[in-house]
Amino acid sequence: MAVIRLGPSTYQFENIRILAAAAVGGPKEGQGPLGAYFDSIWSSELKDHASFEVAERHLLLEAQDLAVKKSAVPWESIDMVMGGDLLDQLASTNFAGREHQRPLLGLFAACAVFTEALGLGAMAIAGGGPRNVLAAAASHHMAAERQFRFPIELGYQRAPTAAWTATAAGACLVSGSDAVTGEGGVSVESVTFGRVVDWGSKDPNDMGTAMAPAAYDTICRHFEDTGRSIEDYDQIYTGDLGVFGVRLLSALAQKDGKHWDERLDDCGRALYAIDKQDVHNGGSGAGCSASVFSGFIYNRLLKKDLQRVLLVATGALFSPTTYQQGESIPSIAHAVSVRRL
Amino acid sequence: MPLIFLWAFIIGGLLCVVAQLTLDLFPLTPAHILVLFVVIGAILGGVGLYGKLVAVAGAGASVPLTGFGYTLVTGVGEAVKTKGVLGLLTGGLTAAAGGIKAAVLFGLAASLVFKPKV
Amino acid sequence: MASQAKQGSQKMQEYQDMANQMRPRKPLLKNALWAFFVGGLISEVGQGVQWFFMQHGLSAKEATPPMTVVMIGIGALLTGLGWYDRVVKHGGMGGSLPITGFANAMVAPAMEFRTEGLVLGVGAKLFTVAGPVLAYGLAAAFVVGLLRLLITGVA
């Protein structure tokens, strides 16, 4: 096991597999085109929990528990849990940790946290540390709205570029080759860790514009460091650039003479039926990329519909305070290359 | 009298159109616009214009939040008439008291009775 | 370094310009029309309520405060039932500007933050939007009243 530094931002590993993955979603996510790929769909946003925040931590716990169960590795043998959410002080991740009692590395990268966790976990295993890492992320629409925007019953009009924070969680159990048996599976090949990119966007109702430059920066660095190009991938899935953000990413690539359109897709755009579910730009949230990967993309990889995917989760690193103080919205994107063996 | 019903609709609607265009064309939140319109209502009320609008359009002028600004400044004016300078401080709030108290009471009641839906 | 920074900010400006061009527009006309009809309708309801009070012997001026209370009650009820957010979603400021919208702005946060308790949740959140409106409304009324007093000698 080794970690090979391919370049300034990218690390490659051998024999790191995703043993199991699980995705849990809310009712709206269940009604979307990827509904069938969720392991569990909640019948309501609250599901009898005391608050939306409490609901979010149970969403996360359920995804984590399902992934662990599927992997046949007992909870006591899970060496590390890595992950994050959108709430202040990572409440969901920490309170879920209080339940599972495994060593916990809480991470914050807004909606980019899932790939940060996946990449960091793979790197830690490959470096000869933990035998396995449970990487997970979650978000909840109502909890996010309370913290970032408005109380739910307060009437307000959403802009065409506004995104819908997904009520969803995704978890992957990553492991070194020792624990893996038999026929292939899905491996985590490399990770390109992003840097903070801020091109002056100021509108929190248009995250696509804020995050597209970060996605572009990370994807370009990934290609540079690995010596690959887009043809080496069946699909690049960005996290939550949404309908408009993907168009901007495509335009940025075109300006540099690259044609990415046919292989570019977005978890937030794929999660909902854009024209029917009234989500405007599409889904967003830490749980968006986590659940779409852990359900839909992972399953397609297993079935060999996809051979190699670059998952580029994107996050907007602002807070209500920085926004009110007139700051722009810096963003980050972490990319993980995943392959069907 | 029926005419006031027509003007109520038109003036109320037009005030909302101005607010909507402001929202769509400038980077302001609805809260900013509500503050702006209350202040505008107070100013227009102070110079005597808003009172004329109320006479013509009735609720079309008093229901939009500009009407609240008008109520506040009218209250101040009347308090100054009866109490002198002290009225500058006591006037606005007393005029709006009914509305504010109702909103607070209804708010408390609603939060105890209802649960938010998606 | 300096020219790099200048190139950088030029690239950013070009990107923002490109984004501004490509961005899906807000439907200005549709929003304005909806605001007109929803705002007009709510005002009409208010006019009806006011007329009802006038039928019971109140003058137009006397009927306005009870009409206001009724409208606030309607806004609060529709918020509690979970319907008012739809009024604003379609009507925009046609839903937010009338006094029913103001009630919604008070009631919604209060309902929403009940999980944080009656004092720090419900109590404090009642004034999230109402606070600035009251603060600046009262300030404006004070200033206007003062100016009138100073300029005209009367209220």
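Me: pLDDT is the predictor's confidence in each residue, on a scale from 0 to 100. What is the mean pLDDT of chain B?

Reply: The mean pLDDT of chain B is 91, and 97% of its residues reach 70 or more. This is a predicted model, where local features need pLDDT of at least 70 and side-chain atom pairs count only at 80 or more, while totals for chains, interfaces and linings use all residues. As for names, residues are numbered from 1 along each chain as its sequence is written, and chains are lettered from A and ligands numbered from 1 in the order in which they are written.

Me: On to chain C. How many helices and strands does it have?

Reply: Chain C has eight helices and zero strands.

Me: What makes chain C more spread out than a compact globule?

Reply: Compare two numbers. The globule rule is 2.2 Å times the number of residues to the power 0.38, and the radius of gyration is taken over C-alpha atoms. For 155 residues the rule gives 15 Å, but chain C comes out at 23 Å, well over that, so it is more spread out than a compact globule. Its C-alpha atoms fill a box of roughly 75 × 50 × 40 Å along the principal axes.

Me: Why is strand E5 of chain A called largely enclosed?

Reply: A residue is buried if 20 or more other C-beta atoms lie within 10 Å of its own, exposed if 12 or fewer, and partly exposed in between, with C-beta atoms placed from the backbone. Five of the five residues of E5(A) (residues 80-84) are buried, so the strand is largely enclosed by the rest of the structure. A:Met80, A:Met82 and A:Gly84 point one way, A:Val81 and A:Gly83 the other.

Me: How do you know that E5(A) and E7(A) pair?

Reply: Two strands pair if DSSP finds at least two bridges between them. E5(A) and E7(A) (residues 132-139) have five, in the parallel sense, and A:Gly84 has A:Ala137 as its bridge partner there. E5(A) also pairs in the parallel sense with E6(A) (residues 104-106), over three bridges, where A:Val81 stands opposite A:Leu104.

Note on methods
Helices (H or I, at least four residues) and strands (E, at least two) are DSSP runs, numbered from the N terminus.
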